[in-house]
Amino acid sequence: MKTVETFEQARRDRSGTVGLVPTLGFVHEGHLSLIERARTDTDTVLVSLFVNPLQFGPEEDFDAYPRKPERDARLIEEAGADVLFAPPLEEMYPQPIATEVTVPELAATLDGVTRPHHFGGVATVVAKLFAGLQPDRAYFGRKDAQQLAIVTRMAADLSMPVVVVGCPTVREMDGLALSSRNVYLEGDERRRARALSTGLMAAADAVDSGERNSRVLEEAVRSAAPGFDFEYVATMDRATVAPIEMVDRPAFLAVAGQVGKARLIDNIHLDVDDDGRVTADRGIVLDHPSVLHDQDDR
């Protein structure tokens, strides 16, 4: 694997079709699964590693966000990447940025309510990565469902020649969706955090039993996690991120909650086939402890 710091170098060190996996670093099996998928689909696998200040609000954890670039580089290489694009801040933002990319309609709900500047920062940095790196395909996890919808819509609206690919959520052995912020959880917080996935799996069971009513599915989440203070439990159209009453189109059921210092999100994607049958994508559950818990890497 070759590590580069400039867009020009990253465009030069490639051949054939290019698959991009954008990351903030402190990688885990969720990121590694995206790299593995890109490895099967494309000729050159390019991973970006950049903690983007534009997507963090003034009261959020930009300075404290976990950073282990040497660890990340080792795991990214082991997963099969060809090129690691690890730009310094001055490469990404050589001057104060005067252009922002936003998808306001899709960012108006869920995380966009409590993090009003977050998705503008995400869309802007992803647009820069698409423009500067020119990938053929780009891979994002389904765990960040609203982000996936926004990036997909942005690429379509701006006629960007890139296919955005959403890949299944990867979960820890106890079902908790993998997130770099899981390392913030201490003591009993880890047990309490499992309420998010426990609730979603109860809703997935209801889907498997034929339930399609959004309010019933949302109540199944809350009933399976009594006492947990959800920030939201919502069933949304997958393309528009607007609430729906019945699961009669591709959708996702999303949850969020604060546990200690960690604000966590999770969801299950709800797929609808041509005959109207609905299946819940529960994600992939690891059969081993995540690399997030390797004390040598912490």
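Axes here are lines fitted to C-alpha atoms, for helices over the stretch in contact, with angles running from 0 to 180 degrees between N-to-C directions. The model is predicted, so that local features need pLDDT of at least 70 and side-chain atom pairs count only at pLDDT 80 or more, while totals for chains, interfaces and linings use all residues. Residues are numbered from 1 along each chain as its sequence is written, and side-chain values use heavy atoms, without hydrogens and water.

Helix α8 (residues 189-208) packs against helix α9 (residues 214-224) at an angle of about 135°, the axes lying 7 Å apart; helices (H or I, at least four residues) and strands (E, at least two) are DSSP runs, numbered from the N terminus. That makes α8 oblique to α9, given that angles under 35 degrees count as roughly parallel, over 145 as roughly antiparallel, 65 to 115 as roughly perpendicular and the rest as oblique. Contact (heavy atoms within 4.5 Å) involves Thr 198, Gly 199, Leu 200, Ala 202, Ala 203, Ala 206 and Val 207 of α8, together with Leu 217, Ala 220, Val 221 and Ala 224 of α9.

Cavities are sets of points on a 1 Å grid over the protein atoms alone where a 1.4 Å probe fits but cannot get out, and lining residues have an atom within 4 Å of a point. Volumes are the space filled by probe spheres set on the points, which are joined across faces, edges and corners.

| Cavity | Volume | Share from β10 |
|---|---|---|
| Largest cavity | about 50 Å³ | 3 residues |
| Second largest cavity | about 40 Å³ | 3 residues |

Lining the largest cavity are residues including Lys 143, Asn 182 and Asp 266.

Conventions. 1 Å grid on protein atoms, 1.4 Å probe; cavity = no way out; pocket = protein on both sides within 12 Å on 5 of 7 lines; lining within 4 Å.
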